[in-house]
Amino acid sequence: MTEQEFRRIVAKKIAYYRKLEGITQSQLAEILNYSDKSVSKWERGEGIPDAYVLSEIAAHFGVTLNDLTTEDEPKISGRFIKKREFVPYLSVGLVWLVAALVFFTLEIIPVDISREWLAFIYAIPAMFIVITVFSCLWYGNLARALSVSGIIWGGFCALIVTFPLAKVAFFLIPCAIFQILVILWFYMMFRTSSKNG
C-alpha cells in the first residue's frame with residue numbers, strides 16, 4: 001500500500017465516523033485539541049494524524065486503530081447503532097408533536113379556521129424531510145430514494161387537501177416527473193457505486 005492510498009483510507013474513515021456521530025470538523029477538532037483546519041486536512045487526505053492522535057480518534061469513536069487504517073468495511077460500535085435508531089424516531093416524533101401543538105393552538109384560539117386538521121397533513125412532507133436528512137447521514141441510497149419520494153407525494157397529498165380538485169390535477173404531472181427523475185438519479189447512483197465497489 002502506498003502512502004497516498006493509506007492517507008485516502010484514513011481520510012475516508014475519519015470522515016465516515018465523524019459524520020456517523022453527527023459532529024462537525026470543528027467539534028472533532030475541539031475534542032482532540034486540534035484546529036478544524038487539521039481535521040479538514042486529514043479528511044481531504046492531505047495529511048495524516050500521528051499515531052497517538054489516531055489512537056485518540058479511534059478511542060473517541062469506539063473503534064480500533066485497525067478500523068481506521070484498513071480498507072475493511074467500517075465497523076459501527078454499539079453507541080452509534082443506538083444513536084442511529086433513536087435520533088430519527090425522536091426527530092419524527094417532534095414533527096408530529098409540533099403538528100399536534102399547532103392543531104390544538106388553532107382549536108383553542110377564538111378564530112374560526114375550520115381546517116386545523118391540515119396541521120397533520122402538512123406534517124407528512126415535513127416528516128419525510130427529516131427522514132431524508134437522516135437517510136443522507138446514516139443510511140443508503142434506497143432509504144434516500146424512498147424518503148425523497150415521501151417528500152414528493154406527501155407534498156402532493158398536502159396540495160390535494162388544500163386546493164380545489166381542478167387545481168390539484170395541475171400539480172400531478174410535475175410530481176410524477178420529479179418522481180421519475182428521483183428514480184433515475186438513484187438508479188444512476190446505484191450503478192455508479194456498484195461499478196466502483
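Is T69 buried or exposed? With a relative accessibility of 17%, T69 counts as buried. Here, buried means under 20% relative accessible area, exposed means over 50%, and partly exposed is in between (1.4 Å probe, protein chains only).

## Before you look around

This is a predicted model, where local features need pLDDT of at least 70, side-chain atom pairs count only at pLDDT 80 or more, and totals for chains, interfaces and linings use all residues. Residues are numbered from 1 along each chain as its sequence is written, and side-chain values use heavy atoms, with hydrogens and water left out.

## Around T69

You'll find T69 in helix α5, residues 65-69. Helices (H or I, at least four residues) are DSSP runs, numbered from the N terminus. A polar atom of the T69 side chain sits 2.9 Å from the backbone oxygen of L65. Setting aside residues up to four places away in sequence, T69 touches F6, I9, V10 and L54; touching, or contact, means heavy atoms within 4.5 Å.

## Two nonpolar cores

A nonpolar core is a set of buried Ala, Val, Leu, Ile, Met, Phe, Trp, Tyr and Cys residues joined through side-chain atoms within 4.5 Å. The largest one here has 19 residues, and those touching the most other members are I14, L28, W42, I57 and L68. Helices α1 (3-21), α2 (25-32), α3 (36-44), α4 (51-61) and α7 (118-138) each supply at least two residues of this core. The largest share, five residues, comes from α4.

Beyond its neighbours within four places in sequence, I57 is in contact with I14, L32, W42, P49 and L68. There's also a second, separate core of seven residues, including V148, I152, F156 and C175.

## Salt bridges

The count comes to four salt bridges, each being a side-chain nitrogen of Lys or Arg within 4 Å of a carboxyl oxygen of Asp or Glu. One of them joins R7 and E3 (3.0 Å, N to O). Those two are four residues apart in helix α1, so about one helical turn separates them.

Another pairs R8 with E71 (2.6 Å, N to O). Because R8 lies in helix α1 and E71 in the loop between α5 and α6 (78-108), this pair ties together parts 63 residues apart in sequence. R18 and E43 also form a salt bridge, with their closest N and O atoms 2.5 Å apart, and both residues are buried.

## Cysteines without a bond

The structure holds zero disulfides, a disulfide being a pair of cysteine sulfur atoms within 2.5 Å. C175 is buried at 13% relative accessibility, whereas C157 is partly exposed at 38%.

Technical notes
Polar contact = N/O pair within 3.5 Å; in protein donor to acceptor, adjacent residues only side chain to side chain.
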